Amino acid sequence: MLDALIQKKLCNFTLNIKLQVKNEILVLWGHSGAGKTTVLQCLAGLAKPSSGLIKLKDQVLYSSEEYINLSPQSRNVGYLFQDYALFPHMTVRQNVMYGLKAKKIFKASIDPVELLNSFGVGHLIDRYPRQLSGGEKQRVALARALAVQPKLLLLDEPFSALDKGTRELLRQEVKKLHSQWQIPFILVTHDEEDANYLGDRLIALDKGQTGQGDRYLVPVQS
Ligand SMILES: Nc1ncnc2c1ncn2[C@@H]1O[C@H](COP(=O)(O)OP(=O)(O)OP(=O)(O)O)[C@@H](O)[C@H]1O
């Protein structure tokens, strides 16, 4: 369970959001510039709120009152960026192993080949990102985000750069992944089909405010 109260002063408005996310997929919805990415960055520890509290399971990740602000590596949070953010000078294997080294997880505890195989890209392990298609890059990025065995997965417009067919395939994979991992997922998207297919619940953000609260989405049969 994720519990978060985030306030952050931005250029044009103050972000103010309260989130409670169980082991479900929460869709964060809103116009460009509404503050969606900033919310994910605060949860991941890549940006610091002005004030608030972020608690994941029983661990406090951030507390302005208690002066706690854990580093991104100590948070057990997987982050799938909009543009994949794979390191261009590293092979697929090195990209997946990178997060583990940063977190000091022993190499033996996770098999990158097995993880990549589960996403159908095990055969690409010695390639560089420039030698991959968009869909392959996104699968590698997913494997990297999951290699740290996160307790929360953040997905920022994960399919926006993909063609329709790849998008549909990956959507199904993410849904399957969620039922296997049983952790909270937060998905930022502009796409109604992504939201309806994947989301259990939706929160609309407008100029940093959540307005009328959230609504439950009707489950889509897969
Ligand atoms: N570090 C920062 N300091 C101050 N303002 C910021 C900072 N980062 C982003 N902003 C501003 O905060 C607002 C929200 O940005 P954010 O990237 O979170 O929006 P978004 O909803 O994710 O947009 P998009 O859908 O276009 O990615 C924007 O007006 C942006 O210019």
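## Positive phi, ligand shell and core

The model is predicted. E157 sits in the loop between β8 (152-156) and α5 (164-181). Its phi is positive, near 45°, although E157 is not a glycine.

N76 also has a positive phi, about 60°, and is not a glycine either. Most residues other than glycine have a negative phi. N76 lies in the loop between β6 (68-69) and β7 (77-80). With 17 C-beta neighbours inside 10 Å, N76 counts as partly exposed.

| Residue | Phi | C-beta neighbours |
|---|---|---|
| N76 | about 60° | 17 inside 10 Å |

Next, the ligand. Which residues are around the ligand? They are L10, C11, N12, G30, S32, G33, A34, G35, K36, T37 and T38. By class, this shell has seven polar residues, three nonpolar and one charged. K36 is the charged one.

The largest nonpolar core has 54 residues. Within it, L28, L43, L154 and L187 have the most contacts. Helix α4 (residues 134-147) gives the most to this core, with seven residues. What does L43 touch, leaving out residues up to four places away in sequence? Its partners are A4, I54, V77, L152 and L154. One of them, L154, is itself among the core residues with the most contacts.

Conventions
Residues numbered from 1 in each chain as written. Predicted model: local features only at pLDDT ≥ 70, side-chain atom pairs only at ≥ 80, totals over all residues. Helix = DSSP H or I, 4+ residues; strand = E, 2+ residues; numbered from the N terminus. Buried ≥ 20, exposed ≤ 12 C-beta atoms within 10 Å, placed from the backbone. Near = placed C-beta within 6 Å. Core = buried A, V, L, I, M, F, W, Y, C linked by C-beta atoms within 7 Å. Contact = placed C-beta atoms within 7 Å.
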